[in-house]
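I wanted to know what sits around two of the ligands in this structure. These are my notes from looking it up.

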There are 4 protein chains.
Amino acid sequence: SRYEYVKNFEQDLTTLPQTWIVIRVDGQAFTKFCETHHLEKPNDLRCLNTMNKAAQMTCLKFTDIVLAYGQSDEYSFVISPNSSFFNRRQQKIISTVVSYFTSCFVVNWPNDIPLQYPPTFDCRLVCYPSFEILHDYLRWRQADCHINNLYNTTFWALVKGGLTEREAHNTLKGTTSAVKNQILFERSINYNNEPEIYKKGTVIVKPYLEFLHEDIFHRNFFMTYNILV
Amino acid sequence: SRYEYVKNFEQDLTTLPQTWIVIRVDGQAFTKFCETHHLEKPNDLRCLNTMNKAAQMTCLKFTDIVLAYGQSDEYSFVISPNSSFFNRRQQKIISTVVSYFTSCFVVNWPNDIPLQYPPTFDCRLVCYPSFEILHDYLRWRQADCHINNLYNTTFWALVKGGLTEREAHNTLKGTTSAVKNQILFERSINYNNEPEIYKKGTVIVKPYLEFLHEDIFHRNFFMTYNILV
Amino acid sequence: SRYEYVKNFEQDLTTLPQTWIVIRVDGQAFTKFCETHHLEKPNDLRCLNTMNKAAQMTCLKFTDIVLAYGQSDEYSFVISPNSSFFNRRQQKIISTVVSYFTSCFVVNWPNDIPLQYPPTFDCRLVCYPSFEILHDYLRWRQADCHINNLYNTTFWALVKGGLTEREAHNTLKGTTSAVKNQILFERSINYNNEPEIYKKGTVIVKPYLEFLHEDIFHRNFFMTYNILV
Amino acid sequence: SRYEYVKNFEQDLTTLPQTWIVIRVDGQAFTKFCETHHLEKPNDLRCLNTMNKAAQMTCLKFTDIVLAYGQSDEYSFVISPNSSFFNRRQQKIISTVVSYFTSCFVVNWPNDIPLQYPPTFDCRLVCYPSFEILHDYLRWRQADCHINNLYNTTFWALVKGGLTEREAHNTLKGTTSAVKNQILFERSINYNNEPEIYKKGTVIVKPYLEFLHEDIFHRNFFMTYNILV
Ligand SMILES: Nc1nc2c(ncn2[C@H]2C[C@H](O)[C@@H](COP(=O)(O)OP(=O)(O)OP(=O)(O)O)O2)c(=O)[nH]1
Ligand SMILES: Nc1nc2c(ncn2[C@H]2C[C@H](O)[C@@H](COP(=O)(O)OP(=O)(O)OP(=O)(O)O)O2)c(=O)[nH]1
Ligand SMILES: Nc1nc2c(ncn2[C@H]2C[C@H](O)[C@@H](COP(=O)(O)OP(=O)(O)OP(=O)(O)O)O2)c(=O)[nH]1
Ligand SMILES: Nc1nc2c(ncn2[C@H]2C[C@H](O)[C@@H](COP(=O)(O)OP(=O)(O)OP(=O)(O)O)O2)c(=O)[nH]1
Ligand SMILES: O=P(O)(O)OP(=O)(O)OP(=O)(O)O
Ligand SMILES: O=P(O)(O)OP(=O)(O)OP(=O)(O)O
Ligand SMILES: O=P(O)(O)OP(=O)(O)OP(=O)(O)O
Ligand SMILES: O=P(O)(O)OP(=O)(O)OP(=O)(O)O
Ligand SMILES: [Mg+2]
Ligand SMILES: [Mg+2]
Ligand SMILES: [Mg+2]
Ligand SMILES: [Mg+2]
Ligand SMILES: [Mg+2]
Ligand SMILES: [Mg+2]
Ligand SMILES: [Mg+2]
Ligand SMILES: [Mg+2]
Ligand SMILES: [Mg+2]
Ligand SMILES: [Mg+2]
Ligand SMILES: [Mg+2]
Ligand SMILES: [Mg+2]
């Protein structure tokens with residue numbers, strides 16, 4: 001038709017071949033979402049389980065995904081360098097993955113927590129030219145999980161112990177990991193005994209698709225699962 | 001942390017300022033989705049209503065959207081040229097809009113049609129440098145609605161009249177609109193009397209957010225609703 | 001050949017259709033280049049003439065260019081929105097234009113100023129979605145010409161009048177245009193009588209290709225030359 | 001100033017970090033350029049020397065370049081993955097390199113061949129995520145050199161032997177390397193004895209900057225020069 005020329009304005013970028021593609025979804029304004037739905041602090045297993053289930057289904061649907069790592073309100077999906085998923089078109093990849101993930105999240109949301117409004121995730125695509133850098137990316141997300149979880153666990157322990165949120169915040173300002181561990185210890189909490197899913201996040205590896213709560217800081221991990229390298 | 005350098009690999013493109021941004025979502029493999037859920041052919045009002053409701057909520061949540069147009073399994077959202085929605089970052093805009101739209105679609109899906117699997121939408125972002133070209137874009141989508149609906153209406157009328165799908169297909173191959181209207185007329189269907197929502201699709205205009213089933217082929221439309229121009 | 005797959009890594013972006021394309025070349029480290037070649041301060045007509053000649057030849061070679069504007073060590077070339085110059089491929093456009101401009105600059109460099117080293121220009125491509133914004137772009141470059149020229153003319157007048165460069169700099173810091181005009185006036189220089197080429201820069205318009213030293217701040221200019229609008 | 005907002009329309013892309021950057025310049029319409037300047041066929045040493053000299057100067061000026069490879073009317077420059085040359089801004093890199101290369105080419109053009117018009121080069125930037133792929137890129141260009149040179153050498157030998165250009169073309173159509181070598185041999189030309197610069201092209205390696213006419217098909221090359229790997 002005479003209007004079809006408008007299609008020429010589409011400019012879908014193509015991802016550089018032979019690079020690792022990482023797609024990360026992250027809950028939009030989940031601080032508020034978790035408040036509104038009265039989720040447990042700092043970790044609500046029902047929410048984490050929904051994230052994990054949505055990620056697992058996403059890994060199943062998109063066979064180009066070889067690994068996924070999730071923590072808090074985010075999940076990273078890794079696509080191997082030689083994949084031609086959607087011809088490596090960025091907009092197609094980003095939109096389809098985040099849409100399906102969101103759809104699965106809603107569908108798997110627990111019935112006993114009525115949804116107050118539809119949850120949203122943003123999504124980004126990043127290319128990493130080598131396995132080493134991809135590995136550092138995963139370490140970065142897992143370090144983030146550790147740092148936040150140690151902080152939050154200590155923070156809520158202090159609050160449960162009677163401090164206001166402001167006081168807890170001030171107590172923790174600038175403290176090292178050691179100090180936080182000490183504070184927990186004084187409240188009879190051994191951080192090492194906290195659930196692995198909270199401390200390490202969740203890894204999903206093709207083709208098993210189980211949920212692992214292990215260290216991906218060490219190359220060992222990839223050896224064991226005989227992947228990627 | 002020492003891993004944070006991996007964030008430098010993010011390359012979120014920015015949309016050219018002062019251009020109309022169009023974001024179009026389109027159901028992924030909805031031919032199969034509609035089959036699986038036994039939707040009515042060629043138009044199932046329950047599905048269209050769910051699309052419209054999701055679009056309306058999307059217009060409400062993202063105040064930078066000034067107009068939306070939907071038909072079949074797709075919806076286009078228009079953002080005005082001077083908007084600084086997410087600083088015009090492409091990945092943020094695409095992912096957040098398609099995620100929320102999908103979320104709303106699932107949440108509003110009719111209870112009496114059990115979802116067999118989570119629906120997915122792809123999404124693209126296109127910039128149009130002038131109102132004239134944006135207008136041609138909208139005409140293009142509405143012409144697409146008209147062409148497909150006339151074809152599909154005639155096709156299913158033939159099938160209901162006893163033809164196989166193959167025969168119906170062959171009968172219609174290469175026929176003009178006039179011939180299709182004639183075929184319908186012979187089966188006592190006056191295409192003009194078909195529901196406007198099927199023939200024209202649906203327009204949603206800020207700030208009213210009603211569903212309009214009107215011609216956006218004519219500049220008049222924009223005058224009446226006092227928008228955009 | 002088995003190596004040809006490496007061509008798939010090329011990612012030449014395409015410029016958005018129906019936008020004004022501006023290509024600006026700018027002398028790389030021309031502060032030093034002008035020093036080294038002992039050019040007259042603040043304006044050396046031999047250098048400006050070489051710039052103008054190179055720009056004129058560039059307008060002749062690339063017929064998609066409709067207008068050029070130059071001042072100091074820079075030149076902007078304007079390509080009309082409906083042009084399909086090199087299929088609007090960014091890298092092709094940028095590289096070919098800056099290469100030819102540089103080639104012409106060297107070839108036309110005056111014989112009596114021996115080139116101490118090969119001059120270089122950088123180049124950028126920018127899209128403007130409307131004539132109004134393109135117009136503001138041109139006004140921006142011409143305002144830059146005016147501001148710099150008034151400053152430099154006053155600065156060198158002060159230096160010729162016996163001030164050190166540091167003193168001249170301090171004298172002018174934060175002064176308005178009016179004050180600068182006054183300083184010049186006290187040294188018997190009427191800024192209005194300075195050569196137009198220094199005050200206004202140079203415009204080249206298709207198909208005449210003469211050098212104009214006029215105001216492009218006013219829409220009038222475009223009317224007179226019956227262009228663009 | 002009030003016009004400065006137009007600078008926000010600039011969208012200089014950044015090259016993905018930690019990838020090899022290849023910048024290739026190629027003579028624009030050099031078939032015609034070589035004809036016009038009556039260069040020797042198929043190889044004119046004066047032209048190749050000018051290319052080599054320009055490339056050498058380019059390697060000297062831009063210290064981020066670690067290797068260059070040239071043949072015919074083209075030169076490829078390699079920048080190492082960890083370089084932050086112009087902050088990896090694509091337009092800056094492309095434009096500055098091609099401008100300086102062109103400038104050097106003109107300045108070094110032999111005095112005894114008067115330039116009929118200013119030569120032009122296009123330029124492209126490509127990223128390669130691994131050394132292996134970069135290596136394949138270089139092999140690709142060198143294989144191109146070999147294939148063209150064998151063809152051209154045989155072609156002009158046939159023409160010197162009395163065939164028209166059309167006849168020579170037809171004779172060679174679809175022939176293997178072996179056949180071409182045979183044809184040359186029958187005309188007392190041993191292709192192996194042809195000058196290395198014609199058969200292999202020219203490699204320039206930091207920091208020596210000599211001209212090498214060697215095989216870069218073998219990893220050995222990189223070992224010997226202790227580079228890149
Ligand atoms: N109570 C509770 N909160 C959680 C849980 N998982 C995540 N959150 C909260 C903690 C953080 O405030 C938030 C995740 O941090 P983000 O940096 O993603 O912030 P947020 O999503 O609010 O903003 P954003 O739109 O991503 O910029 O979600 C949970 O299991 N329970
Ligand atoms: N039965 C039925 N089908 C519908 C309805 N609305 C849309 N569809 C079907 C008709 C088309 O086969 C399909 C939309 O066309 P598309 O070109 O988007 O194809 P599809 O989504 O299958 O593939 P895609 O993933 O978008 O390339 O959805 C409806 O209300 N009822
Ligand atoms: N003496 C003299 N200097 C001139 C003339 N035309 C331009 N210039 C100098 C004045 C400025 O220092 C310089 C142009 O300013 P730029 O902002 O382009 O700086 P420059 O080229 O040094 O650095 P760049 O590589 O562009 O960032 O060139 C002239 O005719 N005579
Ligand atoms: N006679 C002669 N011709 C040469 C020499 N070096 C290169 N050439 C010619 C042979 C080819 O026709 C041409 C290089 O091939 P290209 O594919 O780059 O074609 P050309 O530059 O004409 O077109 P382009 O603008 O790059 O698409 O230059 C030389 O030393 N002597
Ligand atoms: O739907 P089109 O025709 O615009 O094409 P696309 O969505 O870019 O591609 P496809 O539908 O084939 O995935
Ligand atoms: O929307 P924001 O501020 O979260 O922006 P972002 O790019 O998502 O930032 P981050 O990577 O820190 O979440
Ligand atoms: O030279 P090619 O084959 O890589 O192709 P291009 O330079 O992208 O295009 P052209 O030479 O046709 O301008
Ligand atoms: O290289 P610079 O610093 O001049 O960077 P730029 O993008 O050219 O900046 P400007 O537009 O200010 O010349
Ligand atoms: Mg964020
Ligand atoms: Mg979040
Ligand atoms: Mg988060
Ligand atoms: Mg499609
Ligand atoms: Mg579809
Ligand atoms: Mg569709
Ligand atoms: Mg600059
Ligand atoms: Mg400069
Ligand atoms: Mg300048
Ligand atoms: Mg080419
Ligand atoms: Mg060439
Ligand atoms: Mg060539």
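Entry 1. I began with helix 1 of chain A, which gives 3 residues to the shell around ligand 1, the most of any contributor. I take helices as DSSP runs of H or I with at least four residues and strands as runs of E with at least two, numbered from the N terminus.

Entry 2. I wrote down the ground rules: this is a predicted model, where local features need pLDDT of at least 70 and side-chain atom pairs count only at pLDDT 80 or more, while totals for chains, interfaces and linings use all residues. Residues are numbered from 1 along each chain as its sequence is written, chains are lettered from A and ligands numbered from 1 in the order in which they are written, and side-chain values use heavy atoms, with hydrogens and water left out.

Entry 3. Which residues come nearest to ligand 1? I found D26(A), A29(A), F30(A), T31(A) and D44(A), out of 15 residues around ligand 1. A residue is near if one of its heavy atoms lies within 4 Å of the molecule or strand. I sorted the shell of ligand 1 into 5 nonpolar, 5 polar and 5 charged residues. Here Ala, Val, Leu, Ile, Met, Phe, Trp, Tyr, Cys and Pro count as nonpolar, Asp, Glu, Lys and Arg as charged, and the others, Gly among them, as polar.

Entry 4. An oxygen atom of ligand 1 is 2.9 Å from a backbone N or O atom of G27(A). For D44(A), a backbone N or O atom is 2.8 Å from an oxygen atom of the ligand. A polar backbone atom of E40(A) lies 3.0 Å from a nitrogen atom of ligand 1. Ligand 1 alone exposes 630 Å², and the protein buries 66% of that; the areas come from the Shrake-Rupley method with a 1.4 Å probe.

Entry 5. I turned to ligand 4. Its shell has 15 residues, with D26(D), A29(D), F30(D), T31(D) and D44(D) nearest. The side chain of T31(D) has an N or O atom 2.5 Å from an oxygen atom of ligand 4, and the side chain of D26(D) has one 2.8 Å from an oxygen atom of the ligand. A nitrogen atom of ligand 4 is 3.2 Å from a backbone N or O atom of P42(D). Strand 1 (20–27) and helix 1 (30–36) of chain D are the elements giving two or more residues to this shell.

Key
Polar contact = N/O pair within 3.5 Å; in protein donor to acceptor, adjacent residues only side chain to side chain.
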